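Here is a briefing on one protein model. Please look over the sequence and the structure, then read the points below.

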Amino acid sequence: MLKISVNFIIYTNICLFMTEITKLDHKNKKIIKALFKNGRMTVTEIAKKTKLKRDSIARRIKKMQTQGILKLIPFINPKLIGLPNFALILFEVKINPIEDRTKFITMMKGNKYIFHFSKIIGKYDFYSVIAYRDTKHLNELIETIKRYVEGFIENLEVFQIAEEYKIENMSELL
């Protein structure tokens, strides 16, 4: 039998992706910190803020993007487009054929309301963060997800996010 429980939790969005451990020099750190403050800054504006040369900045940004250190992506505020609520959902799944797991992952990645989906280690196998309009919409989304691969989800736990205290600023890690 599928068990569902609802709790509350805080979630932090992440907009900087590092694919492998890379040492960043102080110039790259300055550039990234400037972009965290305003991702729409031009190379000229970054140069003024960081006291670095424009050509160097452009070359460094391109290199960091090519290396996968930095991805400049737009951040959409779901609350402003009619999705004011967020939930974190933990999934415990059955050990099924790889085809079921692959289908589930593909379907989850294709769901436009899910903006973070990861495999995790521990009691649960996957977790996702989902944006939704209201409780009815959340329930509809959960029912849809449960039908992706019949019988694949053994247990899921839903944490509705009550308040956000920190979002997306990872520049302090540099």
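## Briefing

Ile69 sits in the loop between H3 and E2. Helices (H or I, at least four residues) and strands (E, at least two) are DSSP runs, numbered from the N terminus. Ile69 is buried, at 3% relative accessibility. Buried means under 20% relative accessible area, exposed means over 50%, and partly exposed lies in between (1.4 Å probe, protein chains only). The C-alpha atoms of Ile69 and Leu24 are 9.3 Å apart, although 45 residues separate the two along the chain.

The model is predicted: local features need pLDDT of at least 70, side-chain atom pairs count only at pLDDT 80 or more, and totals for chains, interfaces and linings use all residues. Residues are numbered from 1 along each chain as its sequence is written, and side-chain values use heavy atoms, with hydrogens and water left out.

**Overall build**

- The protein chain contains five helices and five strands.
- Read from the N terminus, the order of elements is β-α-α-α-β-α-β-β-α-β.
- The protein chain has 174 residues, and 39% of them count as buried.
- Take the contacts (heavy atoms within 4.5 Å) between residues at least 6 apart in sequence: 72% of them join residues at least 24 apart.
- The accessible surface of the protein chain is about 11400 Å², and carbon and sulfur atoms account for 55% of that.
- Accessible areas come from the Shrake-Rupley method with a 1.4 Å probe; for residues, only the protein chains shown count as cover.

**Packing of H1 and H3**

- Two packed helices are described by the angle between their axes and the distance between the axes.
- Helix H1 (residues 26-37) packs with H3 at an angle of about 85°, and their axes are 10 Å apart.
- H1 and H3 are therefore roughly perpendicular to each other.
- On the H1 side, the contact is made by Lys27, Asn28, Ile31, Ile32 and Leu35. On the H3 side, it is made by Ile57, Arg60, Ile61 and Met64.
- Axes are lines fitted to C-alpha atoms, for helices over the stretch in contact, and angles run from 0 to 180 degrees between N-to-C directions.
- Angles under 35 degrees count as roughly parallel, over 145 as roughly antiparallel, 65 to 115 as roughly perpendicular and the rest as oblique.

**Salt bridges**

- Side chains of opposite charge can pair when their charged atoms come close.
- The structure holds four salt bridges. Each is a side-chain nitrogen of Lys or Arg within 4 Å of a carboxyl oxygen of Asp or Glu.
- One of them pairs Arg60 with Asp25, with the closest N and O atoms 3.0 Å apart.
- This pair links distant parts of the chain, 35 residues apart: Arg60 is in helix H3, and Asp25 is in the loop between strand E1 (3-9) and H1.
- Arg60 is buried at 19% relative accessibility, whereas Asp25 is partly exposed at 32%.
- Glu140 and Lys136 form a salt bridge at 3.8 Å, N to O.
- Glu140 and Lys136 are four residues apart in helix H5 (residues 135-146), so about one helical turn separates them.
- Glu140 is partly exposed at 38%, while Lys136 is exposed at 59%.
- Lys146 bridges to Glu143, with the closest N and O atoms 2.8 Å apart.
- Lys146 and Glu143 are three residues apart in helix H5, so about one helical turn lies between them.
- Lys146 is buried at 18%, and Glu143 is partly exposed at 36%.

**Loops and surface**

- Ile76, Leu80 and Ile81 make a nonpolar surface patch of about 370 Å².
- Patches are made of residues with over 30% relative accessible area and no salt bridge: like charges are joined within 9 Å, nonpolar side chains (Val, Leu, Ile, Met, Phe, Trp, Tyr) within 5 Å.
- Ile81 is in the loop between helix H3 (54-66) and strand E2 (85-93). Its 57% relative accessibility makes Ile81 exposed.
- Lys51 is in the loop between helix H2 (43-50) and H3, and is exposed at 73%.
- Most residues other than glycine have a negative phi. Lys51 has a positive phi, near 65°.
- Lys112 is in the loop between helix H4 (98-110) and strand E3 (114-119), and is exposed at 69%.
- Lys112 and Ala131 are 19 residues apart in sequence, with their C-alpha atoms 9.0 Å apart in space.
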